[in-house]
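Please look over the sequence and the 3D structure shown here. A short briefing follows, grouped by topic.

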Amino acid sequence: MNSRFLSSPRTAAIVGCPFSGGQPKAGVDEGPIHLVEAGLIDQLKDLGWAVTFDGHHQFEENNNLDDPPIGKLKNPRTVSRVTRSVADVISGHAKAGILPVTLGGDHSLAMGTISGTLEAYPNACVVWVDAHADINTIETTASGNIHGMPVSFLLGVGSKEKEFDWIKPALKPERLVYIGLRDVEAGEKKILRENNIKAYSMHEVDKYGIGKVVEMALDYVNPNRDLPVHLSFDVDALDPSVAPSTGTPVRGGLTFREGHYICEAIHETGLLVALDLVEVNPSLSEAADVKKTVAVGCSLVRAALGETLL
C-alpha cells in the first residue's frame with residue numbers, strides 16, 4: 001500500500017515513551033520497554049519498513065517528585081514538559097515524511113503526539129480508539145489525572161493552566177472521531193454534545209458491526225479520503241479478556257478482530273501519518289496476561305503498518 005504522505009522508502013520511527021505521570025498507577029511506563037523487547041522492531045522490518053529507534057526517551061529531568069497539584073491537576077509541570085518534548089520529536093519525524101509510532105506510557109502523551117502531527121499536517125484528522133473519551137476539562141475532572149484530559153487540551157475546550165499554554169487548540173471537532181467508547185463521564189458526554197463531536201460507542205459497534213462503523217467514522221472525519229490520519233489507540237479499547245494488562249479496563253470492549261480491523265482499515269486508506277499505542281501496563285497482571293497484552297499491542301501496530309491475514 002502506497003502512502004499519500006510518507007517518504008520513500010517507508011520509514012517508521014519508534015518513539016518509546018516510558019511515562020506514567022498522567023495517571024496514578026505504577027508500571028505503565030514499562031509498556032514501551034516490553035513492546036520493544038517483544039521484537040516489534042524486527043516485526044516491522046519484516047513488513048518491509050525501514051525502522052529507526054534511538055532508545056526510549058528519558059524523562060528523569062522531569063520527574064514528578066516536586067510537582068504539587070495545580071488545582072485538581074496532578075503532576076501538571078511534569079506532564080506538560082514531557083508532552084511538549086514528545087511534540088517536538090513527533091513533529092520532526094512527521095515533517096521528514098517518517099511515520100512516528102509512539103509507544104506509551106499513558107494517554108496524556110497524546111497531547112504531545114497529536115500536537116506534533118498537527119504541526120506537520122495542520123489538516124490531519126484523528127481517529128481515537130478508546131474505552132474512554134479522555135475529554136475532561138479542569139472544570140469536569142474528578143480525579144485530576146491528566147490522562148483523562150488530553151482531548152480537551154487539544155481542542156481548546158475549558159480553561160487551561162498556563163503550564164499548558166504551549167498547546168495550540170489546533171484540533172477541530174470535525175477532525176476528531178471516536179471508536180469504542182463505553183465508559184464516558186457525565187461531564188464528558190456534555191462536552192461531546194455541545195461540541196458536536198462524532199463518537200461511535202460500543203452500542204454502534206454492536207448495532208452496525210465494526211466494518212460499517214469504521215466506514216462511517218472515516219466518512220465523517222475524512223470524507224474525501226484525502227486528509228492525513230493520526231490513529232491514537234488505547235489498548236483498553238479492547239475487552240479485558242483480550243488485553244487484560246491495562247490500568248482502566250472496562251468490560252464489553254472490542255474483540256481481538258474488531259481492534260485489528262480498525263488498524264487494517266486505516267492502513268488500507270494509505271493516509272496514516274502517525275500512530276499511538278498506549279496504556280499497556282505490565283505491572284497489573286500475571287505474567288501470562290502481560291505477555292498476552294504485549295503480544296496484542298505488537299499485533300495492532302503491525303496491522304496498522306500493513307500486516308494482513310492473507
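How many cavities of 30 Å³ or more does the structure hold? It holds one. This is a predicted model, in which local features need pLDDT of at least 70 and side-chain atom pairs count only at pLDDT 80 or more, while totals for chains, interfaces and linings use all residues. Residues are numbered from 1 along each chain as its sequence is written, and side-chain values use heavy atoms, with hydrogens and water left out.

**Cavity**

- A cavity is a set of points, on a 1 Å grid over the protein atoms alone, where a 1.4 Å probe fits but cannot get out.
- Grid points are joined across faces, edges and corners, and a volume is the space filled by probe spheres set on the points.
- The largest cavity holds about 90 Å³ of space.
- Twelve residues line the largest cavity (lining residues have an atom within 4 Å of a point).
- Of these twelve, Ser3, Trp49, His267, Gly270 and Leu272 lie nearest its centre.

**Nonpolar cores**

- A nonpolar core is a set of buried Ala, Val, Leu, Ile, Met, Phe, Trp, Tyr and Cys residues joined through side-chain atoms within 4.5 Å.
- Buried means under 20% relative accessible area, exposed means over 50%, and partly exposed lies in between (1.4 Å probe, protein chains only).
- The largest nonpolar core has 55 residues, of which Val101, Val129, Ile179, Leu231, Leu254, Leu277 and Leu305 touch the most other members.
- Helix 10 gives the most to this core, with eight residues; helices (H or I, at least four residues) and strands (E, at least two) are DSSP runs, numbered from the N terminus.
- Another core, of 42 residues, lies apart from it and includes Phe59, Val151, Phe153 and Leu181.
- In soluble globular proteins, nonpolar side chains tend to be buried together.

- Glycine 297 lies in helix 10 and is buried, with a relative accessible area of 0%.
- Beyond its neighbours within four places in sequence, glycine 297 is in contact (heavy atoms within 4.5 Å) with Leu35 and Leu277.
- Glutamate 279 sits in the loop between strand 8 (272-278) and helix 10 (287-304).
- Glutamate 279 is buried but has no salt bridge, and the nearest side chain of opposite charge, lysine 25, is 8.7 Å away; Lys and Arg count as positive and Asp and Glu as negative, with His and the chain ends not counted.

**Salt bridges**

- A salt bridge is a side-chain nitrogen of Lys or Arg within 4 Å of a carboxyl oxygen of Asp or Glu, and the count by this rule is seven.
- Glutamate 119 and lysine 95 form one of them (3.7 Å, N to O), linking helix 4 (residues 110-120) with helix 3 across 24 residues.
- Glutamate 119 counts as partly exposed at 40% relative accessibility, whereas lysine 95 is exposed at 53%.
- Lysine 168 also forms a salt bridge with glutamate 119 (3.6 Å, N to O); lysine 168 lies in the loop between helix 5 (150-155) and strand 5 (176-181).
- Glutamate 264 forms a salt bridge with arginine 257, the closest N and O atoms being 3.0 Å apart.
- Glutamate 264 is buried, with a relative accessible area of 14%, and arginine 257 is partly exposed, at 34%.

Technical notes. 1 Å grid on protein atoms, 1.4 Å probe; cavity = no way out; pocket = protein on both sides within 12 Å on 5 of 7 lines; lining within 4 Å.
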